[in-house]
Amino acid sequence: MEFDDIFKYAHIFSLLSFIYMMITVLLVWKMYKVYHSSRAIYRSIVVHQCLFKTFIWMQVANLSFFIFDSIVFRLPSTGYFTDLCDSIAPSHFLKLLYMGQLFTNYSSIYYSFLFCFIRLIMVFYAGDHEKVCKKIFSFFIPFTLVSPICADFYMIVAPGACRRLKPPYPFGAISISFGETLFNIRTDNFMLGLTFLAPLAIFFLNILLVFKVRRILFERKMNSSKKQRKSHISLTLTTLAIMIQHFASGAKTVIGIVRPELVPYALIIRHRLIDLGMISVPWIFYISHPMFHDKTARVSSFT
């Protein structure tokens, strides 16, 4: 079997991705309930409210991106919706679906970065992190809402439409795209730069976190409990896992610039790696953090 034959099984990949994403959604819901199950636990757990809040925002953003990415690219590429899409005239509804994919992609990147950044703030500024977090949220949340609109203003007048995908996609494979835009702009250059810079920024934050956490564990080795050490390690592994999906997007961006003919192959690999990154973050957090397995844990709140 040639590698191109893998495109014939897009429907299987789409079905599997929905299954494991829904299982992951249930896991995140369970984590949310455990976190808020008791005020006694709430006061003693190692994960502060602002960090866990950011984690939930990141999961909501990732799920929203997965849904819109599936509607715009993954499901249409199976060929099962070609007749339906051909029967729909170009419309702003299809354009809104495409813009929804872009906006949720922005949110996924933003809140992944925010989670790593808030974790860094808590490690470096343990005593003042609450005030710092409030200031960051007051700026960051409006920015995440306004910047995608500013970046994609040129699409406001464009109608949405279905377009057929070229080989190696099989006959009938389509995706949702858009028509004529303001000033004939076809590329979101801000997103292009963001998908390249975001993995580097998240990688840099993780380097700082790893060195700082190693230093904390070494300095407090005699005074910290096993649960404290496990919680530090858990959060560090979680932030490291975040890099998977964003490095996949960044690599696809680079391939699109250097070797555009390889983009279809890069896309199908990117989808799988993005899914791996999205599901690995909550699973690693849940499996490795003592908060979800020992309700009597009394661990330091500086992490």
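How many cavities of 30 Å³ or more does the count come to? The count comes to two. The structure is a predicted model.

**Overall fold**

The chain holds nine helices and two strands. Along the sequence, their order is α-α-α-α-α-α-β-β-α-α-α. The chain has 303 residues, and 48% of them are buried. Take the contacts with a separation of 6 or more: residues 24 or more positions apart account for 81% of them.

**Cavity and pocket**

Rolling a probe the size of a water molecule over the atoms shows where empty space is left. The largest cavity holds about 40 Å³ of space. Its lining consists of Phe65, Asn105, Ser108, Ile109, Gln245, His246, Ser249 and Ile274. H5 and H8 are the elements that give two or more residues to this lining.

The largest pocket holds about 1200 Å³ of space. It is lined by 42 residues. Which of these lie nearest the centre of the pocket? They are Phe73, Tyr98, Lys252, Val263 and Leu267.

Which element gives the largest share of the pocket lining? That is H9, with seven residues.

H6 covers residues 129–151, and H9 covers residues 263–288. The table sets out their spans.

| Helix | Number of residues | First to last C-alpha | Expected span |
|---|---|---|---|
| H6 | 23 residues | 31 Å | 33 Å |

For H6, the span is close to the expected value.

In H6, a kink of about 30° lies at Thr144, shortly before the proline Pro148. In H9, a kink of about 30° lies at Ser280, shortly before the proline Pro282.

Thr144 and Pro148 are both buried. Other buried residues of H6 include His129, Cys133, Ile136, Phe137 and Phe140. Ser147 and Ala151 are buried too.

**His271 in H9**

His271 sits in H9. Is His271 buried or exposed? His271 has a relative accessible area of 9%, so it is buried, the cut-off being under 20%. The His271 side chain makes a polar contact with the side chain of Arg270, at 3.5 Å. Leaving aside neighbours within four places in sequence, His271 is in contact with Asp69 and Arg74.

**The loop between E2 and H7**

Phe183 is located in the loop between E2 and H7. Asn184 is found in the loop between E2 and H7 as well. What is phi of Phe183 near? It is near 60°, a positive value in a residue other than glycine. For Asn184, phi is near 55°, again a positive value in a residue other than glycine.

Phe183 has a relative accessible area of 68%, so this residue is exposed, the cut-off being over 50%. Asn184 is exposed as well, because its relative accessible area is 55%.

Methods
Residues numbered from 1 in each chain as written. Predicted model: local features only at pLDDT ≥ 70, side-chain atom pairs only at ≥ 80, totals over all residues. Heavy atoms only, no water. Helix = DSSP H or I, 4+ residues; strand = E, 2+ residues; numbered from the N terminus. Expected span 1.5 Å × (residues − 1). Bend = angle between axes of the 7 residues up to and from the residue. Buried < 20%, exposed > 50% of the residue type's maximum accessible area, 1.4 Å probe, protein only. Polar contact = N/O pair within 3.5 Å; in protein donor to acceptor, adjacent residues only side chain to side chain. Contact = heavy atoms within 4.5 Å. 1 Å grid on protein atoms, 1.4 Å probe; cavity = no way out; pocket = protein on both sides within 12 Å on 5 of 7 lines; lining within 4 Å. Points joined across faces, edges and corners; volume = space filled by probe spheres on them.
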